[in-house]
Amino acid sequence: MSDTKVYQATVHVSGRVQGVGYRNFAAAEANRLGLSGHAKNLRDGRVEVRLEGSREVIETVIGRLRIGPTAARVESVDVRWQTGSSGARGFSVA
């Protein structure tokens, strides 16, 4: 039986993740799999990626975020899960 709940995951990615196309990489992965959310740089050098959709699909994207684009060097990925929809539509890069 599949899980029909909507989940949100807030993912904070550390390492060499700014200035290497990481946000656009995250957006491409999320859009390809139909997730909503955003990717933005944080002042402390991390990237925040908010994903919304099915847990299984979010987990697939998180797996790809752990690798990142070629120029990135991901050191750590911190994920915080919530249930429910924020009402977000589409995926934006800030």
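Guide: Buried means under 20% relative accessible area, exposed means over 50%, and partly exposed lies in between (1.4 Å probe, protein chains only). On that scale, 39% of the 94 residues of the protein chain count as buried. The model is predicted: local features need pLDDT of at least 70, side-chain atom pairs count only at pLDDT 80 or more, and totals for chains, interfaces and linings use all residues. Residues are numbered from 1 along each chain as its sequence is written, and side-chain values use heavy atoms, with hydrogens and water left out.

Visitor: How many helices and strands are in the protein chain?

Guide: There are 2 helices and 5 strands. From the N terminus on, they run β-α-β-β-α-β-β. Both kinds of element are DSSP runs, numbered from the N terminus: helices are H or I with at least four residues, strands are E with at least two.

Visitor: Among contacts between residues at least 6 apart in sequence, what share joins residues at least 24 apart?

Guide: That share is 76%. Contact here means heavy atoms within 4.5 Å.

Visitor: Why is strand 1 called largely enclosed by the rest of the structure?

Guide: Count its residues. Of the 10 in strand 1 (residues 7-16), 8 are buried, so the strand is largely enclosed.

Visitor: How do you know that strand 1 pairs with strand 3 and in which sense?

Guide: Two strands pair if DSSP finds at least two bridges between them. Strand 1 and strand 3 (residues 47-53) have 7 bridges, in the antiparallel sense. Strand 1 also pairs with strand 4 (residues 73-83), antiparallel over 10 bridges. Take Tyr7: in strand 3 it stands opposite Gly53, and in strand 4 its bridge partner is Thr83.

Visitor: Why is Thr10 called buried?

Guide: Thr10 lies in strand 1. Its relative accessible area is 3%, so it falls in the buried class. Its side chain makes a polar contact of 2.7 Å with the side chain of Arg50. A polar contact is a pair of N or O atoms within 3.5 Å; within protein, one must be able to donate a hydrogen and the other to accept it, and residues adjacent in sequence count only if both atoms are side-chain atoms.

Visitor: What makes Glu52 count as buried?

Guide: Glu52, in strand 3, has 6% relative accessibility and therefore counts as buried. A polar contact of 2.7 Å joins its side chain to that of Ser85. Beyond four places in sequence, the contacts of Glu52 include Ser36, Ile58 and Ala88.

Visitor: And why is Ser36 called buried?

Guide: Ser36 belongs to strand 2 (residues 36-41). Its relative accessible area is 13%, so it is buried. Its side chain reaches the backbone nitrogen of Gly90 at 3.4 Å.

Visitor: Which residues of helix 1 are buried?

Guide: In helix 1 (residues 22-32) they are Tyr22, Phe25, Ala26, Ala27, Glu29 and Ala30. They pack against several elements, among them strand 1, helix 2 (55-65) and strand 5 (91-93). Gly34 follows the helix, with a positive phi near 75°.

Visitor: How many salt bridges are there by this rule?

Guide: The count is 6. The rule asks for a side-chain nitrogen of Lys or Arg within 4 Å of a carboxyl oxygen of Asp or Glu. Arg32 and Glu29 pass: their closest N and O atoms are 3.1 Å apart. These two are 3 residues apart in helix 1, so about one helical turn separates them.

Visitor: Where do Glu29 and Arg64 lie in the chain?

Guide: Their side chains meet in a salt bridge at 3.3 Å, N to O. The pair links distant parts of the chain: Glu29 is in helix 1 and Arg64 in helix 2, 35 residues apart. Glu29 is buried at 12% relative accessibility, whereas Arg64 is partly exposed at 29%.

Visitor: Is Glu75 buried or exposed?

Guide: Glu75 has 53% relative accessibility, so it counts as exposed. Its salt bridge with Arg73 spans 2.5 Å, N to O. Arg73, at 43%, counts as partly exposed.

Visitor: Which residues do salt bridges that share partners join into one network?

Guide: They are Glu29, Arg32 and Arg64.
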